[in-house]
Amino acid sequence: MKVLTVATEQDKLNKFQMFLALSDRAVHLEREFLRSPHTTKLIWGSHRIVYILTDATGELSLYYDIELKEPLETQTTGGAMFPTTTIVTKDRIYLPVPKDLEPAFRIASGTKEFYVRFDTIP
């Protein structure tokens with residue numbers, strides 16, 4: 001259950017309809033950081049999607065780097081700051097997936113695999 005989807009746009013979810021679960025290790029190590037107020041920036045292109053989450057003081061950032069096995073369907077690179085819509089549950093933490101990136105995580109059949117790296121940057 002690594003992808004959470006919502007059937008219709010909801011204002012309370014900043015109109016995001018797909019959310020990606022962080023890796024179990026990231027949740028274990030970074031739960032407190034993600035429960036605190038933070039900003040959400042994304043950069044993407046080719047096989048990469050990078051989330052940059054920065055705490056409210058601007059002094060500490062967490063980067064979450066996703067390397068896809070297949071290239072993104074969009075031929076352009078992109079990046080933007082998005083409304084922070086991190087969902088924290090008992091066992092998982094989900095990050096929002098913008099509409100342009102949803103196809104990279106949509107599963108029609110089988111499974112999707114990708115590599116993840118993360119770290120904090122002071």
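**Notebook: strand pairing and salt bridges**

I looked up Thr40 and found its bridge partner in strand 4, Leu53. The model I am reading is predicted. Strand 3 (residues 38–45) and strand 4 (residues 48–55) run antiparallel, joined by 8 bridges.

Next I traced the sheet around them. It is open, with 5 strands in the order 6-3-4-5-9 and antiparallel pairing. Strand 6 (78–82) and strand 9 (114–121) stand at the edges; each has a single partner strand, so one side of each lacks a neighbour in the sheet.

Strand 2 (residues 18–21) pairs with strand 8 (residues 93–97) over 4 bridges, antiparallel. There I found Phe19 bridged to Pro96 in strand 8.

Salt bridges came next. I count 9. Asp24 pairs with Lys2, closest N and O atoms 3.6 Å apart. Asp24 sits in helix 1 (residues 24–35) and Lys2 in the segment before strand 1, so the pair ties together parts 22 residues apart in sequence.

Arg48 meets Asp65 at 2.9 Å, N to O. Asp65 is in strand 5 (residues 61–68) and Arg48 in strand 4, so this pair ties parts 17 residues apart. Arg48 meets Glu67 at 3.9 Å, N to O.

Buried or exposed: what is Asp65? I have Asp65 as buried, at 10% relative accessibility. Arg48 is partly exposed at 32%, and Glu67 is partly exposed at 23%.

How values were computed: Residues numbered from 1 in each chain as written. Predicted model: local features only at pLDDT ≥ 70, side-chain atom pairs only at ≥ 80, totals over all residues. Heavy atoms only, no water. Pairing = 2+ DSSP bridges. Helix = DSSP H or I, 4+ residues; strand = E, 2+ residues; numbered from the N terminus. Salt bridge = Lys/Arg side-chain N within 4 Å of Asp/Glu carboxyl O. Buried < 20%, exposed > 50% of the residue type's maximum accessible area, 1.4 Å probe, protein only.
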